[in-house]
Amino acid sequence: MSAPVRSTDKLTAEVLDHIVQSPRLESMWLNTLSLLEHVGASKIRRAVGDRHDRLDVLDHAADEARHALALKRQAQAIEPTEEYLAKDEALTYFSRLDHESNTWLDSQLGGPSTWRAYLVTTALIEQRALRLYPAYEERTTHEGVRRELKRLVGEEAKHRLMIESSAQELMAAVEQGWEQLLDREEGLFEVWMQAVSKTTGVEKSEPLRV
Ligand SMILES: [Fe+2]
Ligand SMILES: [Fe+2]
């Protein structure tokens, strides 16, 4: 079954089409993706770093750290930069998604749970990565970036599979709410994409939803 077309898909495509035409912008984009992967790796270590009993957690944290490094290397190979694309909005996307989804889940299911927080944030981030990275891979003209994105997509899909069984029970308990969480993720991601669009001079075509 194919994924439904959501409102940000068009905006994301426009942003990516624009970015890949400029080595400077693409390098800044890769640097920003690297930053988000780095934040992801840090969040995993902070939240569930004590779960040394779980091979899947260690594997996940190691992969996200590798993604941060690999994307940074690709950025440097295209054009060395320490600049980002809408850095504040990118970081806000991640932190608000993490915070809001978990506050909501806590209110639905009672009490905070770092494991539950890890599962839900991972599920939301992986579904985004599995839409964003293939869309970017389709457009970039850099062979090294394409190769790396292929590998990343494989690893992000593996992460999703790893949490799927653990998350199944949780998702069943919040079945009504999962669509709501996906919708919120979409809104937060859109804010970041709108900011990138504005920064890079892509024509704005969609109104802000949040
Ligand atoms: Fe990743
Ligand atoms: Fe991942």
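Here are some exercises on this predicted model, each with a worked solution.

Residues are numbered from 1 along each chain as its sequence is written, chains are lettered from A and ligands numbered from 1 in the order in which they are written. As the model is predicted, local features need pLDDT of at least 70, side-chain atom pairs count only at pLDDT 80 or more, and totals for chains, interfaces and linings use all residues, while side-chain values use heavy atoms, with hydrogens and water left out.

**Exercise 1: the pocket**

Work out what lines the second largest pocket, and which helix supplies the largest share of the lining.

Solution. 
- Start with the term: on a 1 Å grid over the protein atoms alone, a pocket is an open set of points where a 1.4 Å probe fits, with protein on both sides within 12 Å along at least five of seven lines, and lining residues have an atom within 4 Å of a point.
- Next, the volume is about 430 Å³, taken as the space filled by probe spheres set on the points, with grid points joined across faces, edges and corners.
- Then count the lining: there are 26 residues, and Leu36, Gly40, Phe94, Thr121 and Ile125 lie nearest the centre.
- Now sort them by helix (a DSSP run of H or I, at least four residues, numbered from the N terminus). At least two lining residues each come from H2 (23-48), H3 (55-78), H4 (87-109), H5 (114-139) and H7 (175-200).
- H5 takes the largest share, with ten residues.

**Exercise 2: aromatic rings**

Find how the rings of tryptophan 29 and tryptophan 192 are arranged, then follow tryptophan 192 to phenylalanine 189.

Solution. 
- Set the cut-offs: rings of Phe, Tyr and Trp (its six-membered ring) pair if their centres lie within 6.5 Å, with planes under 30 degrees apart stacked, over 60 edge-to-face and the rest tilted.
- Search the whole structure, and you get six aromatic pairs.
- For tryptophan 29 and tryptophan 192, the centres are 5.6 Å apart and the planes sit at 20°, so this pair is stacked.
- The pair bridges distant parts of the chain, since tryptophan 29 is in H2 and tryptophan 192 is in H7, 163 residues apart.
- Phenylalanine 189 and tryptophan 192 have ring centres 5.7 Å apart and planes at 80°, so that pair is edge-to-face. Both residues belong to H7, three residues apart, about one turn of the helix.
- Check burial (buried is under 20% relative accessible area, exposed over 50%, partly exposed in between, with a 1.4 Å probe and protein chains only). Tryptophan 29 comes out at 0%, tryptophan 192 at 1% and phenylalanine 189 at 0%, so each is buried.
- Put together, Trp29, Tyr93, Tyr136, Phe189 and Trp192 make one aromatic cluster.

**Exercise 3: threonine 200**

Trace what the side chain of threonine 200 reaches.

Solution. 
- The side chain of threonine 200 reaches the backbone oxygen of valine 196 at 2.7 Å and that of serine 197 at 3.5 Å.
- Leaving out residues up to four places away in sequence, threonine 200 touches His18, Leu25 and Leu85, where contact means heavy atoms within 4.5 Å.

**Exercise 4: arginine 139**

Decide whether arginine 139 is buried, partly exposed or exposed, and list its contacts.

Solution. 
- Arginine 139 is in H5, and at 21% relative accessibility it counts as partly exposed.
- Its contacts, beyond neighbours within four places in sequence, are Ala13, Leu16, Asp17 and Val20.
- For scale, arginine 139 and histidine 18 are 121 residues apart in sequence and 9.7 Å apart in space, C-alpha to C-alpha.

**Exercise 5: a backbone angle**

What stands out about phi of alanine 86?

Solution. 
- Most residues other than glycine have a negative phi.
- Phi of alanine 86 is near 50°, a positive value in a residue other than glycine.
- Alanine 86 lies in the loop between H3 and H4 and is buried, at 10% relative accessible area.

Conventions: A polar contact is a pair of N or O atoms within 3.5 Å; within protein, one must be able to donate a hydrogen and the other to accept it, and residues adjacent in sequence count only if both atoms are side-chain atoms.
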